[in-house]
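Here is a briefing on one protein chain. It covers loops, cores and helix packing.

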Amino acid sequence: MDMFFLDYRDPLFSIIIFFAIIFAITFFSYWWGRYKRKEDYKHLNRFLRQFRTVPSKDELKFLVSKGEMSQKSWLLLASSYYKNGEYEKAIEIYNEILKVTEKQNSKETMFLLGKTYFKAGFLERSKQIFLEILKHYPRTPQALHYLLLVYEYMRDYKSAAEVLEPLDELQEDVALDSLYLGVLQLLNDTSVPESKKTEQLIKLYEQNHQLTYTIFEYLFRVDKALAWKHLENSKAELLLDILWNLDRKDLNLDIISKNGYLRELYSAKGYLDLAASSSVFEFDILIKLEGKANATLSFEYVCESCKGVYPFAFSRCKVCHAIDTQRIEWSLSRDYIKDFSEENNSFQ
Ligand SMILES: [Zn+2]
């Protein structure tokens, strides 16, 4: 029993005390290190958080009116918010700047505010801002262009067409805008029957040879026979996704057999056997695969003006607002529809 009790003069007692002290020091320094790391992390987080939040409305009001930061710096800050898609913050800054700016110097800030409202989807507010600018400065083509866009997005094509007149007086080229608005107005007019619409669209197309995709997308949707009849050979590539997605029963074999590009396209699709190879790499691969692999074409839409790439077709680019600048790009991809139908068949 005595073996469990040590005398304090026993050398073993000193060794135990020594190790106990070492253990206590190690434990304390480990715990202190952990605590410090946690505190540093919290401090850094608190420091970074203040850059992520914009000053509140009242703080902003105070900061702008105090004038410690130049108006140019505020405009730069608002513009960086605009570029990051944080439109509400940009709008708050522009509104505060307008409150402290004299009316005669506020045109530029109002234009930026109108542009931001438009981008954020507040079309009515954006319209009011551009109308206010034009009331004082009627010869401002930038504001007129944006007002036209606002009316177009609001589907008020009549008012949009009225904006073309002052733009024309300012020597701006409005021919394509005028044609585009005419086509949109016709397509959205529910009082005009489909047959009348197709007739007028073909007439507009034959006069101008523009807006091919917008016009033929509608024609191939409502009257495929008429669309085939008026399709120009050289425009087939502009409509590749529409032609590729047609049903086998909707093909016009007379027209396809006379056009090399269409022969290769539908041979690649597997509908026809009219080409053994193609100069288009993706068509060539698909022709040679002869449907032995689940491959198809997938499409992307490039704006020739701003070079942006988008997953959906467009008539007016959403970013640079250019009209009829779409180019289709295609690539080989897995055919999920074929995969899905084969899977379903295997369950039956
Ligand atoms: Zn663009």
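**Structural briefing**

H209 lies in the loop between α10 (194–208) and α11 (212–222). This is a predicted model: local features need pLDDT of at least 70, side-chain atom pairs count only at pLDDT 80 or more, and totals for chains, interfaces and linings use all residues. Residues are numbered from 1 along each chain as its sequence is written. Helices (H or I, at least four residues) and strands (E, at least two) are DSSP runs, numbered from the N terminus.

**Loop residues with positive phi**

- Most residues other than glycine have a negative phi.
- H209 is not a glycine, yet its phi is positive, about 55°.
- H209 is exposed, with 11 other C-beta atoms within 10 Å. The cut-offs, with C-beta atoms placed from the backbone: 20 or more other C-beta atoms within 10 Å of its own make a residue buried, 12 or fewer exposed, and anything in between partly exposed.
- E290 sits in the loop between α16 (281–289) and β1 (295–303). E290 is not a glycine either, and has a positive phi of about 50°.
- E290 is exposed, because 10 other C-beta atoms lie within 10 Å.

**Nonpolar cores**

- The largest nonpolar core has 40 residues; Y94 and L147 touch the most other members. Such a core is a set of buried Ala, Val, Leu, Ile, Met, Phe, Trp, Tyr and Cys residues joined through C-beta atoms within 7 Å.
- Helix α7 (residues 141–153) supplies the largest share of this core, eight residues.
- Not counting residues up to four places away in sequence, L147 touches K127, F130, L131, L134 and V163. Contact here means C-beta atoms, placed from the backbone, within 7 Å.
- Another core, of nine residues, lies apart from the largest one, and L243, L262, A268 and F283 are among its members.

**Helix α5 and its packing on α7**

- α5 and α7 pack at an angle of about 20°, with their axes 11 Å apart. Axes are lines fitted to C-alpha atoms, for helices over the stretch in contact, and angles run from 0 to 180 degrees between N-to-C directions.
- That angle makes α5 roughly parallel to α7. Angles under 35 degrees count as roughly parallel, over 145 as roughly antiparallel, 65 to 115 as roughly perpendicular and the rest as oblique.
- F111, G114, K115 and F118 of α5 meet Q142, A143, Y146, L149 and V150 of α7.
- By class, this contact of α5 with α7 has six nonpolar, two polar and one charged residues. Ala, Val, Leu, Ile, Met, Phe, Trp, Tyr, Cys and Pro count as nonpolar, Asp, Glu, Lys and Arg as charged, and the others, Gly among them, as polar.
- A120 belongs to α5 (residues 107–120). A120 is partly exposed, with 17 other C-beta atoms within 10 Å.
- A120 touches Y87 and I91, not counting residues up to four places away in sequence.
- A120 and K288 are 168 residues apart in sequence and 48 Å apart in space, C-alpha to C-alpha.

**Helices α10 and α11**

- The axes of α10 and α11 come within 10 Å and cross at roughly 145°.
- E194, T198, L201 and Y205 in α10 face I215, Y218, L219 and V222 in α11 across the contact.
- That contact of α10 with α11 divides into six nonpolar, one polar and one charged residues.

**Helices α15 and α16**

- Helix α15 (residues 260–269) packs with α16 at an angle of about 50°, their axes 7 Å apart. That makes α15 oblique to α16.
- From α15, E264, L265, S267 and A268 meet F283, L286 and I287 in α16.
- The contact residues of α15 with α16 are five nonpolar, one polar and one charged.

Key: Two residues are in contact if their C-beta atoms, placed from the backbone, lie within 7 Å.
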